[in-house]
Amino acid sequence: MSQVAEQEPTTADAESYDGLRLRNVTKSFGAFKAVDDLDLDVPSGSFIALLGPSGCGKTTTLRMVAGLETPTAGSITLGGQDITYAKPYQRPVNTVFQSYALFPHLDIYENVAFGLRRRKSKEVDTAVRDMLELVELTSQARKKPAQLSGGQQQRVALARALINKPEVLLLDEPLGALDLKLRRSMQLEIKRIQTEVGLTFVHVTHDQEEAMTMADTVAVMNAGVVEQMGAPADLYENPQSTFVANFLGQSNLIEGTIQNRGGDVVTVDMHGIGVSVPTERCHADSDKGWVGIRPEKVLIGAPGEELDAPGNTIPGGVVTDVSFVGVSTQYLVRMPWGQELSVFQQNTGRHTSFVPGDKVELSWRPEYAFLLDFSQDASAGAQKVDAE
Amino acid sequence: MSETVRKRGRTGYLLLIPGVLWLALFFVVPLYSLVATSLFDPSGSDTTGYSMTYHWVNYSHVISDYWQPLVRSLAYGALATLFCLVLGYVLAYAIAFKAGRWKNLMLVLVIAPFFTSFLVRTLSWKLLLADDGFIVNSLQFVHILGADGRLLATPVAVIAGLTYNFLPFMVLPLYASIDKIDPRLIEASSDLYANPFVGFFKVTWPLSLPGVVSGTLLTFIPAVGDYINAELLGSPNQRMIGSVIQSLFTNANNYPAAGALSVILMALIVVMVLFYVRRAGTEDLL
């Protein structure tokens, strides 16, 4: 399957493409295929996130771009040049490693200067000072990495890679070791630096919030392939597979039989209730499908109550669980066919609260629903409660 | 808070007691006795007894009599240490980074020679290097050695024996140091435009320096004082200072000269080690 960022044509030949391009890249470790026939285009100057659970092949993909792994098959080109088999020290690519991998015997200044010194650059001192200023570490220049906090070490790792002005900067879970608050501020910091320097960033993460906050384009990976690629909002609003629907946020997926595919909307019989889904949000080929709806798009009300959602109304629910989380209240509602649906209601103060056992009606606007192929596992990519 | 600190301090001193007692009894007392012996009047003997006369000329006498074996010992020790470092570094690097599941087996093999006596192993080297042995014969065949060339009773045999006997003392500390190096640092150096050669000298070598320093010390110090290899594999022309001290004690019964020579050797080694460790920039090892 081929996934292409933005408007780049798939068929354009590698020679004319100025970004990073992976074609049919496969990497096997023994019988295990970590990356399976992967195609990926990263336009020059963009910020792309490879998002997926551990073991999905995102880090292996990154390491092949860095040259630290050799693909079993396929090709990698950068600005039209084939770098598939180039040595890591011969490619214009730098990496921010997961555990930073700062040189413990060198001070911060020499860590940052390392790449320039290897390339016999003339302007080492000016460049290092500018870079330390950019990451606000000028006063720490003569300290050893072990004397710095985790957040400062992270910035050194970033500076050490950025100073070489690589054509592509690779970030391998760079924020994984930081606490939540620091991680949020570093996300914005890295985004700011990327905008400032205008280099191509490829960021690997398993944190969907991080991917959506930072990247222009997110490629969701699963089992060695890119499941879907696009802008964060598009991926979230219009997922094309159950994996993406569950991995990016939460989704209610309800079994349904497709009745009519005519025109702008597809109508679906969902356990005896007719609902409609816009045609451009229908990704099911067979007669059956999963009707998907995000919990925050579902409205909840007492039976017969007027809800602001003409179209899909589903009666007969019973509240089974209520959790109050401050900005919203999260309900679990058991439907007549036995399934429990998740509903998030904003605490605007305009709605009645329900308690377990209350009879309710659910409703949503048809344009928020999506339809996925029934052959896919409805629980694929669902995150465990304690995933973070 | 201060209560616990005081308690912890007291525990520390308690733990020191057994070691301090042991060293006081078996190191400080003999050392004192050695230095005292070196200043005795050499006209005495172990049957009639010695008198303490602060006979400092013992020192100048042994230096003028034995400066050659002293210098030779330092040179042989230094060469053996250098060969051990080259052989040991390659071996330790291979075990740490390339041995995979054979790691533990290879480490056992490194220390396996210790299962047999040092003396027996050196005696077998005497057989290996014998004049009609296969090593000498092969070297004669390829004309590295002349027709009547030999290995026994040459500096080559003594230095080779020292290198062989002290190699494990070099490999183990080197292995401990190299094994601790995070392979991601080497990946990082390669990502930052260092080819494998430059990466080794900029990252691997500096990070393994603690192992290099302790390995060279553990090899050099005993190698300089060793007398077995020189006795068994060399001739009087390869005599090392250990043999001289040994024969002064046991054959010539000249205790003051033997004591003075021992003190000189010890002082020389301490000074050289301090200088070396300073230069290597690893004072925190001491």
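Domain bounds, as used in these legends, come from an automatic or database domain assignment. The structure is a predicted model, in which local features need pLDDT of at least 70 and side-chain atom pairs count only at pLDDT 80 or more, while totals for chains, interfaces and linings use all residues. Residues are numbered from 1 along each chain as its sequence is written, and chains are lettered from A and ligands numbered from 1 in the order in which they are written.

**View 1. The two domains of chain A.** The assignment divides chain A into domain 1 (14-237) and domain 2 (246-373). Between the C-alpha centres of these domains of chain A the distance is 39 Å.

**View 2. An open sheet of six strands in chain A.** Helices (H or I, at least four residues) and strands (E, at least two) are DSSP runs, numbered from the N terminus. Two strands pair if DSSP finds at least two bridges between them. In this sheet of chain A the order is β13-β12-β11-β15-β21-β14, with mixed pairing. Strands β13 (273-278) and β14 (282-283) of chain A stand at the edges with a single partner strand each, so one side of each has no neighbour in the sheet. Strand β12 (residues 265-270) of chain A runs antiparallel to β13(A), to which six bridges join it. In one of these pairings, A:Met270 has A:Ile273 of β13(A) as its bridge partner.

**View 3. Strand β20 of chain A and two antiparallel partners.** Strand β20 (residues 359-364) of chain A is joined by three bridges to strand β16 (residues 299-301) of chain A, and the two run antiparallel. Here A:Glu361 in β20(A) is the bridge partner of A:Gly301. Five bridges, also in the antiparallel sense, pair β20(A) with strand β17 (residues 312-324) of chain A. The bridge partner of A:Ile314 in β20(A) is A:Leu362. In a regular strand the side chains alternate between the two faces of the sheet.

**View 4. Packing of helices α2 and α8 in chain B.** Helix α2 (residues 57-98) and helix α8 (residues 196-225) of chain B pack at an angle of about 145 degrees, with axes 9 Å apart. Axes are lines fitted to C-alpha atoms, for helices over the stretch in contact, and angles run from 0 to 180 degrees between N-to-C directions. Two residues are in contact if their C-beta atoms, placed from the backbone, lie within 7 Å. Among the residues that meet are B:Gly77, B:Ala78 and B:Thr81 in α2(B), and B:Gly215, B:Thr216 and B:Phe220 in α8(B).
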